[in-house]
Amino acid sequence: MERRVKISYVINFLGVLGVFLLFVLLFESRIFGAATQYIKGICTTACYTIIMVASLNLVVGCMGEFSLGHAGFVSVGAYASAIVSGALTGKGLPDLALFLIALLAGGIAAGITGVLVGIPALRLRGDYLAIVTVAFAEIIRVCFCNFSITGGGKTMSGILKLSDFYWCYWIMAACVAVMYLYIRSRFGRTVMAIREDYIAASASGINVTYYKVLTFTVAAFFAGVGGGIYAHYMTAMIPTNFNFMYSAELLSEVIIGGIGSLTGSIIGAAFLSSLPEMMRQFSQYRMLAYSVVLIIVMIFKPGGIFGNWEFSLVRILHRAKKKGHEKAEGGVQPWKQLERKSRY
Amino acid sequence: MEAAGKKEPILKVQNLGIQFGGLKAVDSFNMEIGESELVGLIGPNGAGKTTVFNLITGVYKPTEGSFYLNGQRMNGKKTHQIVDSGIARTFQNIRLFKKMSVIDNVKTAMESKLSYGLFHAVFRTPVYWKEEKALTERAEELLKIVHLSGMEDYEAGNLPYGQQRRLEIARALATDMKLLLLDEPAAGMNPTETEELLEIIHFIRNEFKISVLLIEHDMSLVMKICERILVLDFGTTIAIGTPEEIANDTRVIEAYLGKEDEEVEADAKSE
C-alpha cells in the first residue's frame, strides 16, 4: 500500500471523527435544551436513510438500473433484525452486541432476498426491471401482512430501542465506507462497464448476470442494515410503512442527491429525511414537496444536485496546500492544478 | 480449406448457420484459422459478416453446425466463457465504456484475471494492492502498444475516433486472447490513421502470436495484409483464397459489382 493512500485513509477517518465530535459537542453541551433528544432522533433518522439511499444508489447510479422496490429489502431487514433481537433479548448480551447481531441478521436476510429477487429480475433492463422490482416489493409486503411472526398485518411492537445516534453514526459511516470501497474496486469498475455497455462488457469476458446480481445483493444487504436501524429506532412497525411510496421516496432522494454520487446520497438523504420533521405542520404535503423538488431538479440539473461528483477531503486539503505554495511563489499556473486521478 | 499446411487450427468452424425466422443469415459456414494467421472476411453489405462474428462470440446461438477453439467445442457457451477461452473482438460501431477512463476500459477486460474477492476489496488488503498494481502496469503496457500512452486518465468517450478504435483493440488484447476478431477496424479512418492501424495489427500479431480475423471494406487494406480471404454473399461463402485469387474471382466481382448485361441475358435464357 502506498504512503499516499495510507495518509488519505487517516485524513478521511479524522474527517468522520471530526463530524462525530461536532455532533457530540452539540448534543452534550445541551445547546438545544429540551429539544436535544428530538434532534438526536432526527439525526438517527438521517443515518438510516443515508444507508438506504446510498445502497439504492449502488443500483441506480453504479449499475444504472432503476429499482422501485427498495422498501421491500428495507422491510426484510427491519423484520428480520427485530425478530432476531427479540429472540436474543435477556440472553445477557450487551446492548451494542445485540444491536450489531440484529443488524447483521437483517442485512443477511435482505441480502438473501436480494439474490432471490435479483436472479430472475435482473434478466430484464430499464422500465421492465423497475416494474418487476415494484412487484417483488409488494409480494414481500403482502407476505409480512400474513406471517404471524411479523404481527400478521398488525403493528409489530415491543422492539427494543437500541438505535442510539452515536452508534448509528458509526454504523452509517462504516456502511458508506464499505459501499465506497466496493465501487472503487474491481466490482464497481465492472458494474459501471456493464452500465455503459453490457454487450461490450460481456465481449470483454465479464459475466454480466453475476456482477449485476452481486451488486443488487450488496445493495439489498445495506438496505437491510438500514431497515434494522429503522426497526430499532421506531420500536413498532407495520408492513404498510414499506409500501411503494417509501420506495419512491428513497429513489427520489437518490435522484435529487445525484445519481452515482455517494456524497449526493448522503446530503440528499440527510436533508430530505430531516426536512419533514422540521416542518411537521405541513407533513401531509411532504410527497407533494418531493415531487416539486424532483421536477425542478430534473429540469435544471438532470443528473441530480451533485451529479456524479464526490466530495474528497484529501483533494480539498491538497488544493489548499497547493494554493499556499503558489501564493508563496507568486504566480498561479492553472494547468498545474490538473492533477492525476487516483489510479486505484 | 486447408489451414495453410499448419498443424491443428486455432479456430475450426463447421457448417455453422443461423436462421432468423425464414431468413438464413448465415448458411453452412466453414472456416479454419491457423496459428498466427491473418484472415480477411469480406462481402457486400448485409452479407452476414458481422453475424459470423456474433455467432463465433456467442452473441447469437447458431441454429446449425458447430465451431471449435483449439479443438474445444464452443457451441452454446456464453459470450464471457468464449472470451475466457480466447476469442476477443472489436465492434463495427465502437462500443467503449464511454464514461470511464481509458485505463479503466482496459482494466475491465482483465477482470477475469483478478482473483481477489469482496473481503480483499473492502478491507484493501495487500492482496488487493498487489493485484491492482499488476493490473495497472499491464494495462499501461497494452495502451503503449496501441499508441495511447499518456491518455490513461481521459474519458474514453472524449477520445478522437481513431484513438477510440485503437482503445477497443487494446481492450480486446487485454482479454489475453488467441484469436482476435476485428470488425471494420479502419472504418471512418483517414489514410494516416489506417496506416498506423496496420502497423499495430502487424505488431500485435507478431508480438502475441495471435490469429486475426478481419472484416473490412477497405479493399486495399485487406489485400495488403490478409494471407487468406473469405468472401461471403447472402450468407453463403462464395470464394476462399489468397488476395490475388480473390481479386480475379468472377463470382466475387459479380457479388460486388453485379453482372454485366450480356451475362444477365444469357442467364435468363438458360433458365
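Chain A contains 13 helices and zero strands, where helices (H or I, at least four residues) and strands (E, at least two) are DSSP runs, numbered from the N terminus. The structure is a predicted model, in which local features need pLDDT of at least 70 and side-chain atom pairs count only at pLDDT 80 or more, while totals for chains, interfaces and linings use all residues. Residues are numbered from 1 along each chain as its sequence is written, and chains are lettered from A and ligands numbered from 1 in the order in which they are written.

The radius of gyration of chain A is 21 Å, close to the 20 Å that the globule rule gives for 344 residues, so chain A is as compact as a globular protein of that length; here the radius is taken over C-alpha atoms, and the rule is 2.2 Å times the number of residues to the power 0.38. The C-alpha trace of chain A spans about 70 × 60 × 45 Å along its principal axes. Of the 344 residues in chain A, 44% are buried, a residue being buried if 20 or more other C-beta atoms lie within 10 Å of its own, exposed if 12 or fewer, and partly exposed in between, with C-beta atoms placed from the backbone. Among the contacts in chain A with a separation of 6 or more, 83% are accounted for by residues 24 or more positions apart, two residues being in contact if their C-beta atoms, placed from the backbone, lie within 7 Å.

Helix H2 of chain A comprises the 27 residues 36-62, which at 1.5 Å a residue should span 39 Å, and its end C-alpha atoms are 37 Å apart, which agrees; the expected span is 1.5 Å times one less than the number of residues. H2(A) bends by about 30° at Leu56(A), the bend being the angle between axes fitted to the seven residues ending there and the seven starting there. This helix is mostly covered, since 20 of the 27 residues of H2(A) are buried. Just after H2(A), Gly64(A) takes a positive phi of about 75°.

Chain B, in turn, has eleven helices and ten strands. Its radius of gyration is 20 Å, which agrees with the value near 18 Å that a compact globule of 271 residues would have. The C-alpha trace of chain B spans about 80 × 40 × 40 Å along its principal axes, and 44% of its 271 residues count as buried.

In chain B, four strands form an open sheet in the order S2-S1-S4-S5, with antiparallel pairing, where two strands pair if DSSP finds at least two bridges between them. The edge strands are S2 (23-33) and S5 (72-73) of chain B, each of which pairs on one side only. Seven bridges join strand S1 (residues 11-20) of chain B to S2(B), and the bridge partner of Gln19(B) in S2(B) is Lys24(B).

Most residues other than glycine have a negative phi. Ser36(B) lies in the loop between S2 and strand S3 (38-42) of chain B, and counts as partly exposed with 16 C-beta neighbours inside 10 Å. Phe234(B) lies in the loop between strand S9 (228-233) and strand S10 (236-241) of chain B, and is partly exposed, with 16 other C-beta atoms within 10 Å.
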